[in-house]
Amino acid sequence: MIRISKKKAETHVSAYLITTFMLFAVRDSMSGVMRYAFSLVHLDFLWFVVDAFAMGATIIFFIQQFSRRNPLGIAICLSFVFSLVVSVFTTNDTIGGFFSSIKMFLPLLAGMSLSGTVLEERKWPNIILHVVFVASVIGLILNPYISYPWVGQTFNTLGVERQATRLWWVEGGIVRYGGLAGDSTMAGYFCAFLYMLLARQHRLLVNVVSWPIIYWALNTSTSKTATGVFFIAILLYLFQY
């Protein structure tokens, strides 16, 4: 019988959770690219690999909260179960609808399972986060000048056909571009959130130079929430500098 020490087991669990988070970061920041690429090679099922990892992370989260007897964590777990029960009666009664309900909570619980982990202090996650950040910014800035092939693409998820990406027009005829994510809100979110996560690693000059470039990308997405988060991130950085 193979025995694994508690410390080694925790290391493996931590690596699994970090891998899950990185998979989400890459997939969701480049949703348009990923769905388009998978459809070209007829491997659309690969989209759900991340969700399979997230299911495992969710189980780990449940075990963590109940083993530590964390009242808040247990309450979150129970609310998740309650929400699933409610979804059975309030959404369509197909198996696809049920799994779609589960999928909505997986990123949240997978992220919560990493509570206390400083991702940017680990080498390979830090590199991936920087690449995703730069790609998200560039993808938005170039979007008005390049017609991305995934715009308007449709895909089938659990028996339901949906449109992966499309351009949105807001009042005044301004276009909301989705960049590599294919969604203006998600693209803007990755620019703002990852800046907040990575800003402390770089000198003031690097940050100051990057601010107008990031704002350019956020303005292209027209995501006011992401822009607000970005300005808050700048204030927090200057406060900690």
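A residue counts as buried when its relative accessible area is under 20%, as exposed when over 50%, and as partly exposed in between (1.4 Å probe, protein chains only). In helix α1, the buried residues are S14, L17, I18, T20, M22, F24, A25, R27, D28 and S29.

This is a predicted model, in which local features need pLDDT of at least 70, side-chain atom pairs count only at pLDDT 80 or more, and totals for chains, interfaces and linings use all residues. Residues are numbered from 1 along each chain as its sequence is written, and side-chain values use heavy atoms, with hydrogens and water left out.

**Fold**

The protein has nine helices and four strands, where helices (H or I, at least four residues) and strands (E, at least two) are DSSP runs numbered from the N terminus. Their order along the sequence is α-α-α-α-α-α-β-β-β-β-α-α-α. Of the 241 residues, 39% are buried. Helix α1 covers residues 6-29 and reaches 34 Å from its first C-alpha to its last, close to the expected 34 Å; the expected span is 1.5 Å times one less than the number of residues.

**Nonpolar cores**

A nonpolar core is a set of buried Ala, Val, Leu, Ile, Met, Phe, Trp, Tyr and Cys residues joined through side-chain atoms within 4.5 Å. The largest has 44 residues, and L129, F133, L194, Y195 and F230 have the most contacts inside it. Helix α7 gives the most to this core, with eight residues. A second, separate core of five residues includes M30, A135, Y148 and L180. Contact means heavy atoms within 4.5 Å. Leaving aside neighbours within four places in sequence, F133 is in contact with F190, C191, L194, Y195, L198 and I214.

**Aromatic rings**

Rings of Phe, Tyr and Trp (its six-membered ring) pair if their centres lie within 6.5 Å; planes under 30 degrees apart count as stacked, over 60 as edge-to-face and the rest as tilted. The structure holds 10 such pairs. Y16 and F53 form a stacked one, 5.5 Å centre to centre with 20° between the planes. This pair links helix α1 to helix α3 (residues 49-68), 37 residues apart. Y16 counts as partly exposed because its relative accessibility is 26%. Y195, Y215, F230 and F231 form one aromatic cluster.

The ring of W47 has the charged ends of two arginines over it. A charge sits over a ring if NZ of Lys or CZ of Arg is within 6 Å of the ring centre and within 35 degrees of the ring normal.

| Charged end | Ring | Distance from ring centre |
|---|---|---|
| R27 | W47 | 4.4 Å |
| R35 | W47 | 3.7 Å |
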